Amino acid sequence: MTTPDDLLPVGLEDALPDRARTITTAMRAVLDAMDGHGYDRVRPPLVEFERSLAGRMDGVATRRMVRFTDPDSLRTLALRSDMTVQVGRIAATGMAAAPRPLRLCYAGDVAFLSADQLDPARQRLQLGAELIGADSVVAATEIVSVAIDALKAAGVATISVDFTLPDLVDTLAEDAMPLNTEQREAVRRELDTKDAGGLREAGGEAYLPLLYATGAFDEAIAKLAALDAGGVLASRIEGLRAVAEAIGARARVTLDPTERHGFEYQSWFGFTLYGEGARGALGRGGTYTIKGSDEAATGFSLYMDPLLDALAPMKTEEAQKLFLPLGHDRDAAARLRAIGWRTVAAVSNGDDAGALGCSHVLDGKEPKAL
């Protein structure tokens with residue numbers, strides 16, 4: 001019988017065996033792919049001082065963090081809501097003397113005080129990689145490539161990558177399309193909502209063509225280049241073209257140069273990853289600066305829940321389990337586990353192999369199908 005005390009808070013849920021197994025398998029595949037590209041795994045703590053979590057990057061919202069007082073230091077602690085900022089701290093402190101570029105990866109849970117309108121989850125498994133000490137087209141190309149390889153290793157068959165230019169308004173507003181500070185914020189807001197009327201009212205009529213420089217990469221980048229009469233975007237456009245060329249046929253590439261949601265601390269380049277069948281974005285990445293050390297970095301984060309939507313169902317043979325009767329040959333069982341079998345040992349004569357989800361039973365030294 002379930003009582004009110006057994007219920008979980010809104011936005012939290014248990015991952016039962018089938019889902020937990022799928023999560024673990026996908027997580028291992030992603031970490032192995034990042035490791036294969038030379039990214040070393042770090043494991044930051046779940047809890048840190050709030051100021052540390054909020055002070056390493058622009059755009060980190062402390063209002064979404066679960067906060068409480070440390071009984072030891074009497075300072076405010078917070079559960080991490082983004083592991084990227086923790087990797088930035090590690091790079092700036094414990095690994096400050098390590099050779100650059102520094103390649104680090106991670107996997108762990110993050111938590112939020114409340115859900116947002118787009119995602120009701122208040123706990124997520126975040127995985128990612130950071131290339132620290134490099135801010136170049138080559139670094140951006142590597143990070144996007146690693147992200148694609150990680151998704152493919154996890155089993156995502158069809159991938160789309162949507163590029164954006166997070167500092168686009170600031171770059172154009174300096175000289176090419178001048179705006180004062182107040183106008184810049186208003187123009188960013190209206191571009192985010194794709195509101196042509198609001199953009200005119202905000203004094204951003206010159207920015208209207210940017211709303212239409214979106215879609216398939218080749219067409220959209222050509223439109224963006226045609227708008228860049230002053231050439232202030234030339235290096236960024238050249239960089240986007242180089243990254244897209246490196247991706248080739250491994251993923252579909254699109255462009256939305258004015259997209260800002262989720263890119264609050266990114267600098268010149270950002271990207272969103274999508275997969276066929278997923279409810280939303282699989283992850284995001286881009287270039288940014290680690291505050292305090294003022295070190296440039298490029299990275300990406302993936303989130304497990306939407307990733308699971310994009311994965312094909314687990315093959316039957318991958319879920320096969322071998323029932324081990326009482327008094328079974330332990331050496332034979334160990335040999336079979338070593339080559340990939342999962343075993344379930346009987347603890348009483350009444351154990352039912354079928355009811356326990358087993359597909360085979362150990363008959364002497366070999367598996368026998370039920």
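Two strands pair if DSSP finds at least two bridges between them, and strands (E, at least two residues) and helices (H or I, at least four) are DSSP runs numbered from the N terminus. By that rule S8 and strand S9 (residues 252-255) run antiparallel, joined by 2 bridges. The model is predicted, so that local features need pLDDT of at least 70 and side-chain atom pairs count only at pLDDT 80 or more, while totals for chains, interfaces and linings use all residues. Residues are numbered from 1 along each chain as its sequence is written, and side-chain values use heavy atoms, leaving out hydrogens and water.

**Sheet**
- The open sheet of 9 strands has mixed pairing and the order S1-S5-S6-S12-S11-S10-S7-S9-S8.
- Its edge strands, each pairing on one side only, are strand S1 (40-41) and strand S8 (215-216).

**Helix H3 and Thr-84**
- Thr-84 belongs to helix H3 (residues 83-92), and this residue is buried (under 20% relative accessible area, 1.4 Å probe, protein chains only), with a relative accessible area of 2%.
- Beyond its neighbours within four places in sequence, Thr-84 is in contact with Met-57, Tyr-106, Gln-126, Glu-130, Tyr-265, Tyr-288 and Ser-301, where contact means heavy atoms within 4.5 Å.

Note on methods: Buried < 20%, exposed > 50% of the residue type's maximum accessible area, 1.4 Å probe, protein only.
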